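Hi,

Here is the structure I promised to pass on. Have a look at it first, then read my notes below.

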Amino acid sequence: MRPFTYAAPGTVAATVTALGGAQPGTRILAGGTTLYDLMKLDIETPPAVVDVHRIAELRTIEAGPRELVLGAGARMADVADHPAVKAAYPGLSESLWRAASQQLRTMATVGGNLLQRTRCPYFRNGPEFPCNKRRPGSGCAAVGGHDRTHALLGGSDACVATYAGDFAVMLIALDAVVDVVGPGGERTVPLAGLHVEPGDDPAREHVLAPDELIVRIRVPATPAGRGSTYLKIRDRESYAFALAAAGVGLAVEADGAVGDCRIGLGGVATRPWRAMEAERILIGRPLTPQSARRAGEAAFAEARAGTENGFRIELGVRTVADALRIAGERATR
Ligand SMILES: Cc1cc2nc3c(=O)[nH]c(=O)nc-3n(C[C@H](O)[C@H](O)[C@H](O)COP(=O)(O)OP(=O)(O)OC[C@H]3O[C@@H](n4cnc5c(N)ncnc54)[C@H](O)[C@@H]3O)c2cc1C
Ligand code: SF4
């Protein structure tokens, strides 16, 4: 790890001032469970870090009648276990407690979780591999290489790295937004517009400027939130990233027809992915095993397999169908 300077301003206002005057390459530090890893691997080499982990105003969790407001510094474990989150947004709670381990969830923040970086082994395991994300212009070892865990959706010839996080997948399904603040003031970014596909610039992963701080995440309160679930399929049942995941929110009308449907896909795309076409297939009709299967197939209609990851298309289709069944049971309870 290279030497760096450390500052811990005590408030959001002081953090914005510190970021505004910071040297290029300065990073925001929250729980450090991603950032310190990447610094030890020499992938991130910030000259300075600005620590926001202990800022009390970033740690609030408020569940109101219209929306859930999560401070970006709220710990993953605290949000996952919050009674109001479990009751009104069960899929959000599941997306957090099915991520990482209890030790990590106790340290890590929901804001840091959104901006975690890919687990592509070529990216993380060393500079000897071509990697456009790590060394722009060097190529991509995963294209035509070992790509079992790489993306089926949203990839490019330059990069097929999977977005690894779970929480953002459920958030995108529930139409969440993030409020960010920087030296230029505050703005709101929809989750759907926060992360970007690699295109020909894989090093760029989201739309935030380096001096912008996520202060809160807001999730609208909806019937689909109450009927939500996050189903995550992985190589082992704990402490593993998704091979395929679906964050589904459903509302069912009195006549049994689907009134609202939201589907997010995780572990299969280069960014948190919303499967709008699959949603359209279901709205206005009763949910059946056949329609759930059709929705799953629509969600993966544009999937492009590489050399080793093709099995995850059928896995993804079944994951969507199973998540719809679970959400359907919740929505009609
Ligand atoms: C072994 C292991 C297994 C894991 N498994 C999973 C898993 O299954 N599912 C999953 O979703 N995650 C998983 N993770 C990732 C883990 O959840 C993230 O490391 C964690 O959520 C990051 O939060 P943090 O607060 O520690 O962020 P940090 O490491 O402090 O920061 C991460 C990034 O976010 C930026 N950042 C942090 N806070 C802000 C803010 N408020 N505004 C702007 N930028 C900010 C930082 O600059 C940095 O770039 C795993 C991690 C490990 C180490
Ligand atoms: S998939 Fe992306 S992160 Fe992985 S080696 Fe290729 S360019 Fe690098």
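**What I found**

Let's start with a loop: Pro286 sits between helix H11 (276–282) and helix H12 (289–299), where helices (H or I, at least four residues) and strands (E, at least two) are DSSP runs, numbered from the N terminus. Before going on, note that this is a predicted model, where local features need pLDDT of at least 70, side-chain atom pairs count only at pLDDT 80 or more, and totals for chains, interfaces and linings use all residues. Residues are numbered from 1 along each chain as its sequence is written, chains are lettered from A and ligands numbered from 1 in the order in which they are written, and side-chain values use heavy atoms, with hydrogens and water left out.

Leaving aside residues up to four places away in sequence, Pro286 touches Gly256, Ala257 and Ser291 (contact means heavy atoms within 4.5 Å). Its C-alpha atom is 32 Å from that of Ala99, 187 residues away along the chain.

Now the sheets. One is open, with 4 strands in the order E9-E10-E11-E12 and antiparallel pairing (two strands pair if DSSP finds at least two bridges between them). Strand E9 (228–233) and strand E12 (273–274) are at the edges with a single partner strand each, so one side of each has no neighbour in the sheet. E12 pairs with strand E11 (residues 258–266) over 2 bridges, in the antiparallel sense, and Arg274 in E12 is the bridge partner of Gly264. Helix H13 (residues 311–331) packs on this sheet, touching E9, strand E10 (244–252) and E11, and its direction makes about 30° with that of E10 (axes are lines fitted to C-alpha atoms, for helices over the stretch in contact, and angles run from 0 to 180 degrees between N-to-C directions).

Another open sheet has 5 strands, ordered E4-E5-E8-E6-E7, again with antiparallel pairing. Its edges are strand E4 (61–63) and strand E7 (185–190), each with a single partner strand, so one side of each is left without a neighbour in the sheet. E4 runs antiparallel to strand E5 (residues 67–71), joined by 3 bridges, and Glu62 has Val69 in E5 as its bridge partner.

Finally, which residues come nearest to ligand 2? Of the 15 around it (a heavy atom within 4 Å), they are Cys120, Cys131, Cys140, Cys159 and Val160.

Cheers
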